[in-house]
Amino acid sequence: MSTVFEASAFAAGWDRPLDVLVNNAGVMAIPEARTADGFEMQLGTNHLGPFALTNLLLPYLTDRVVTVASNAHRRPGVDIDFDDINSERAYSPWRAYQQSKLANLLFTRELQRRLSESGSPVTAHAVHPGYAATSLQGRSAGTAQRLMLAVTNRLMAQSDAMGALPTLYAATQPLPGDSYTGPDGRGELRGHPGPARRSPHAEDDLRASRLWDLSERLTGVRFRRV
């Protein structure tokens with residue numbers, strides 16, 4: 001679900017139990033664009049759409065939510081720009097991407113807190129694929145950048161199948177709520193599923209709560225006790 005409108009339309013047609021929800025919609029470092037809802041495309045696709053879909057489907061969920069983040073959230077200086085979260089004053093393809101991936105982790109953290117507080121058995125988890133060779137890199141902004149990513153895909157990236165393993169692991173294995181899983185190799189770029197590292201900002205409960213409140217205002221979708 002790439003937009004809040006699409007998430008709402010899909011959720012309106014769902015009326016049966018759902019064991020696992022995987023939020024895997026994603027775009028990376030693309031030229032500036034807006035969703036049909038008017039949100040900056042990377043924020044809308046990577047965070048606000050999954051935020052809305054998850055909350056709308058919570059009454060049907062029986063087990064867990066898995067959201068695909070990125071270790072790009074750990075780059076120096078990455079934070080949520082609460083004063084310009086939609087990049088209306090200035091747009092940077094990579095900054096917007098990194099912000100949206102940090103939002104994935106803050107969303108997972110606050111979702112788990114709310115689920116635990118409500119006594120729900122549903123748990124929230126985040127994952128990242130490391131550096132996996134997929135079509136995601138082919139839509140980045142700038143011809144030179146796309147060519148560079150194509151080269152590094154061949155030289156450094158693991159296969160898309162290996163990149164999917166953390167998601168499959170988090171969707172099927174017994175894990176504590178608010179877990180974060182990624183490849184276990186050097187720099188978390190390649191390897192088999194293992195615990196992943198978060199930035200200090202991604203563990204900040206105040207940021208997580210503030211982002212949640214802002215996301216509710218932007219989407220019009222609120223947490224539903226389950």
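## Helices side by side

Helix α2 (residues 41-57) and helix α3 (residues 93-117) have axes that come within 7 Å of each other and cross at roughly 20°. That makes α2 roughly parallel to α3. Here an axis is a line fitted to C-alpha atoms, for helices over the stretch in contact, and angles run from 0 to 180 degrees between N-to-C directions. Angles under 35 degrees count as roughly parallel, over 145 as roughly antiparallel, 65 to 115 as roughly perpendicular and the rest as oblique.

A word on where this comes from: this is a predicted model, in which local features need pLDDT of at least 70 and side-chain atom pairs count only at pLDDT 80 or more, while totals for chains, interfaces and linings use all residues. Residues are numbered from 1 along each chain as its sequence is written, and side-chain values use heavy atoms, with hydrogens and water left out.

Back to the pair: α2 passes α3 in a right-handed crossing. The handedness is right-handed if the near helix is turned clockwise from the far one by less than a right angle, and left-handed if anticlockwise. On the α2 side, the residues that meet α3 are Q42, L43, N46, H47, P50, F51, T54 and N55, and they face P93, A96, Y97, Q99, S100, K101, A103, N104, F107 and L111 of α3. Sorted by class, the contact of α2 with α3 has 9 nonpolar, 8 polar and 1 charged residues. Contact means heavy atoms within 4.5 Å. As for the classes, Ala, Val, Leu, Ile, Met, Phe, Trp, Tyr, Cys and Pro count as nonpolar, Asp, Glu, Lys and Arg as charged, and the others, Gly among them, as polar.

Let's zoom in on P50, which is in helix α2. With a relative accessibility of 4%, P50 counts as buried. Buried means under 20% relative accessible area, exposed over 50%, and partly exposed in between (1.4 Å probe, protein chains only). P50 and N104 are 54 residues apart in sequence, yet their C-alpha atoms are 8.8 Å apart in space.

What angle does α2 make with helix α6 (residues 205-219)? The two pack at about 85°, with their axes 10 Å apart, and that makes α2 roughly perpendicular to α6. H47, L48, F51 and N55 of α2 make this contact with L211, W212, S215, E216, L218 and T219 of α6. The residues of the contact of α2 with α6 divide into 5 nonpolar, 4 polar and 1 charged.

## Salt bridges

Side chains of opposite charge can pair when their charged atoms come close. The structure holds 15 salt bridges, each one a side-chain nitrogen of Lys or Arg within 4 Å of a carboxyl oxygen of Asp or Glu. Among them are these:

| Salt bridge | N to O distance |
|---|---|
| R74 and E188 | 3.7 Å |
| D213 and R114 | 3.8 Å |
| D178 and R198 | 3.0 Å |

The salt bridge of R74 and E188 links distant parts of the chain, 114 residues apart: R74 is in the loop between β2 (61-68) and α3, E188 in the loop between β4 (179-183) and β5 (193-195). R74 counts as partly exposed at 24% relative accessibility, whereas E188, at 7%, counts as buried.

At 33% relative accessibility, D213 counts as partly exposed; R114, at 15%, counts as buried.

In the salt bridge of D178 with R198, D178 is in the loop between α5 (160-172) and β4, and R198 is in the loop between β5 and α6, 20 residues apart. Both D178 and R198 are buried. Salt bridges that share partners also join E110, R113, R114, E117 and D213 into one network.

## The whole chain

The protein has 6 helices and 5 strands. Helices (H or I, at least four residues) and strands (E, at least two) are DSSP runs, numbered from the N terminus. From that end, the elements run α-β-α-β-α-β-α-α-β-β-α. Of the 226 residues, 52% count as buried.
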